[in-house]
Amino acid sequence: MQLHTIWFVIIAVLWVGFFVLEGFDFGVGALHRIIGKNEIGRRVCMNTIGPWWDGNEVWLIVAGASMFAAFPGWYATMFSALYLALVLLLVALFGRGVSFEWRGKREDPRWLAGWSWALTIGSILIPLLVGVALGDLLHGLPIDSQHEFTGNFFSLLTGYGLMTGVTLLVLSLLHGATFLALRTTGEIRERAHSVARSIGLIAVLVNLAWCVWTLVVIGGGTVPQPTQIFGVIAVIFAWRLATTDNDAWAFVASGFGIAAAIGQLFIALYPNVMVSSTNHAFNLTVNNSAAGHYGLVVMTVVAVLFFPIVLLYQGWSFHVFRKRVSAPPTSSA
Amino acid sequence: MANDLARWQFATTTIYHFFFVPVTIGLAFLVATLQTVWYRTGNPDHKRLTRFFGTLLLINVAIGVVTGLVQEFQFGMNWSTYSRFVGGVFGAPLAMEGILAFFLESTFLGLWLFGWDRLPKLVHLGCIWAVSLGTMLSAMFILMANSWMQHPVGYKINRQGQAVLTNMWALIVNPTFVWGYAHVLLAGLVTGCLVMLAVSAWYLRKRDHVELFHRTAKLSLIVLIPTIVIQLSVGNQLGVIEARYQPMKIAAAEAQWTNCKPCSFSAFQIGGGHNDETPTEIIPIPHLLSILATNTFNGAVTGLNQLQSEYQKYGPGNYVPDVFIQYWSIRVMAYLASAILLLALWGGWLLHRNRLRDSRLFLFLCICAVVTPFIMNTAGWLLTESGRQPWIVQGLQKTINANSPSVSVTEIWISLTVFVLSYIVLAWADLVLMLRYSRRGMEHADEEAAEPVPGAAPSLTY
């Protein structure tokens with residue numbers, strides 16, 4: 001396999017990792033007001049992802065930086081094309097990112113409510129916007145022979161892109177709900193179960209419709225990819241398991257569902273990295289947007305040496321905080 | 001117009017980001033030091049201090065992280081021509097930063113924050129040191145990338161006209177990087193020390209928790225004195241390196257239009273902007289510029305006029321950076337650093353005489369001094385980045401040719417407005433929290449530092 005193909009796979013894996021991990025953070029953030037219900041409940045919900053959300057978000061940063069380093073042409077065209085969408089994404093990341101650390105530092109109810117809403121809205125907007133962006137890569141955007149984007153903000157709102165955004169949002173909500181069911185006790189866990197049940201059904205339907213639409217976009221006829229079949233089944237399992245006490249398996253299933261969604265996008269995309277709706281001859285591909293060979297070798301060495309270490313200590317962190325979170329019996333704040 | 005606006009946006013967001021970065025680098029190291037002392041002595045005072053300054057660190061990290069995201073996105077969003085051209089070289093350190101530094105910093109920060117009562121003490125101490133290491137590695141890769149823009153090495157231009165990496169080692173031993181990185185790390189330490197010193201001085205002056213904050217005042221002074229001395233000489237050496245590879249930058253910093261040998265340094269000047277080649281120099285100090293720029297008593301400095309005519313080899317155009325910004329940013333940095341050195345030495349003498357807690361004037365000045373590192377840090381980056389103009393990559397690509405052709409003026413107005421408004425809100429909230437927490441945080445820290453009741457559920461961190 002050629003190096004730029006390896007880096008395409010690495011980048012796809014980073015995006016999958018980002019959505020499997022940060023996907024439940026988005027779900028928890030978006031649902032913490034409903035499932036948490038009161039101040040203590042909301043804090044319990046936030047604490048279930050407390051030690052991890054920041055490390056999970058790094059997957060996004062590394063995915064972006066890897067695109068910059070391995071496929072400068074892809075990074076340049078994609079980020080400049082998605083300009084205003086990314087501005088909105090950054091604002092969502094601001095509000096959500098500081099809300100964790102800042103929210104509980106004052107008891108003023110308006111302060112608490114304000115950052116709680118920043119967390120909710122940010123957690124909804126981010127998977128939605130990233131979904132639109134990834135869907136647009138596959139659907140195609142107006143790109144000329146110089147690989148410059150020729151459209152405007154409204155060209156980004158393709159039907160398929162929006163559907164991809166909605167699908168990733170719904171899958172993140174389901175993933176967050178199964179995560180909360182796994183990580184909490186008592187009433188909060190029950191509410192997480194009931195939310196997972198209702199979102200589960202929506203997720204099954206939306207995911208199925210989106211998979212069909214993906215087939216239409218790539219002109220794949222009536223034969224679905226194995227990843228798509230796997231994803232559809234995983235989401236159905238997550239929905240059905242959410243009605244049982246098998247919290248861990250429900251969470252695993254929703255994780256596989258979201259992984260399959262991102263996976264099928266990148267499988268359908270290859271060997272393109274960004275499709276041109278103007279003319280397929282102008283598509284950005286792994287070949288015409290990649291960095292030089294030596295640079296890719298250096299980065300491959302760094303990734304092979306250090307990425308396993310990252311996985312080890314991130315895994316250890318998940319192990320350390322594996323216990324369910326519950327409200328302290330005496331707390332009144 | 002689009003190019004100018006994109007530059008304004010980059011400058012605004014980067015300067016803002018760099019208010020928080022040095023605080024994080026410095027405080028992470030100092031908090032780790034405090035916790036190490038606690039680990040070794042078992043004195044609960046040090047645990048209280050660790051928690052207190054640890055919270056200040058966390059408030060800062062949050063805003064530093066989110067404003068850093070803008071930087072990573074902005075190269076592609078606003079500077080797509082640049083990104084396409086340099087990604088093969090410049091992108092590599094950024095990707096390495098993600099893998100080696102960001103994962104380390106964020107994962108271990110989570111482990112540290114939530115692991116107080118769950119991890120063995122030594123492991124928990126290791127976590128905060130991993131965070132400190134992460135902040136320093138992150139700065140290392142960013143400086144490696146930035147130094148390549150100042151002095152490109154280890155690359156070739158391929159057939160498509162893009163820069164591709166040919167020698168990673170050259171990036172690592174790039175002299176601009178080695179000295180620039182040292183300079184930034186020390187700046188982070190100075191910033192962290194001055195923040196810690198100001199907070200401690202505030203408590204000492206109020207005669208509140210005196211024993212406790214005397215410890216951190218002492219720690220910050222002990223770190224600050226050698227750091228600022230080393231920093232002054234590292235800064236000087238960086239100037240020599242820059243005079244070699246970016247002579248325009250240093251000539252502009254001295255408003256030196258004509259060649260000179262030996263060269264004097266003016267303490268102040270009036271005039272000397274773009275169209276004024278005969279400024280009124282005030283207090284010229286003979287030979288000092290020669291020493292600063294070349295490390296020799298009688299060294300020659302090439303003037304802006306000769307450099308400008310030599311640079312016509314790159315094509316017609318103006319190659320002189322903004323002289324006013326260069327001249328004053330280097331002076332602001334040097335003068336403030338000297339003032340801080342004097343303050344630190346005074347503090348050291350007071351420590352020696354055991355009168356630190358009684359000198360109200362000294363403590364008052366320490367509180368005021370908290371603004372100086374932010375001014376110096378900004379001045380340093382202005383000197384570095386404005387001094388590189390008109391180049392975005394020295395000698396290879398001009399800033400004017402580097403922005404995104406597909407991004408319109410309207411779009412940049414929208415993004416600039418959105419970023420500025422968001423940053424005002426973030427700054428307000430950050431300031432409210434920092435001040436409130438600095439003033440009243442000791443009680444919180446005491447609650448947190450209390451030993452947990454056996455069997456009780458741990459309290460909620462967030």
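User: What radius of gyration would a compact globule of 333 residues have, and what does chain A have?

Analyst: The radius of gyration is taken over C-alpha atoms, and the globule rule is 2.2 Å times the number of residues to the power 0.38. For 333 residues the rule gives a value near 20 Å, and chain A agrees because it has 20 Å. The C-alpha trace of chain A spans about 65 × 40 × 40 Å along its principal axes. This is a predicted model, in which local features need pLDDT of at least 70 and side-chain atom pairs count only at pLDDT 80 or more, while totals for chains, interfaces and linings use all residues. Residues are numbered from 1 along each chain as its sequence is written, with chains lettered from A and ligands numbered from 1 in the order in which they are written.

User: How many helices and strands are in chain A?

Analyst: Helices (H or I, at least four residues) and strands (E, at least two) are DSSP runs, numbered from the N terminus. Chain A has 11 helices and two strands. Along the sequence the pattern is α-α-α-α-α-α-α-α-α-α-β-β-α.

User: How many residues of chain A are in contact with chain B?

Analyst: Two residues are in contact if their C-beta atoms, placed from the backbone, lie within 7 Å. By that rule 65 residues of chain A are in contact with 65 residues of chain B. Elements giving two or more residues to the chain A side include α2 (39–49) and α11 (293–320). The largest share, 14 residues, comes from α5(A).

User: Which domains are assigned in chain B?

Analyst: Domain bounds come from an automatic or database domain assignment. For chain B the assignment gives domain 1 (2–246 + 322–449) and domain 2 (247–321). Their centres, taken over C-alpha atoms, are separated by 30 Å.
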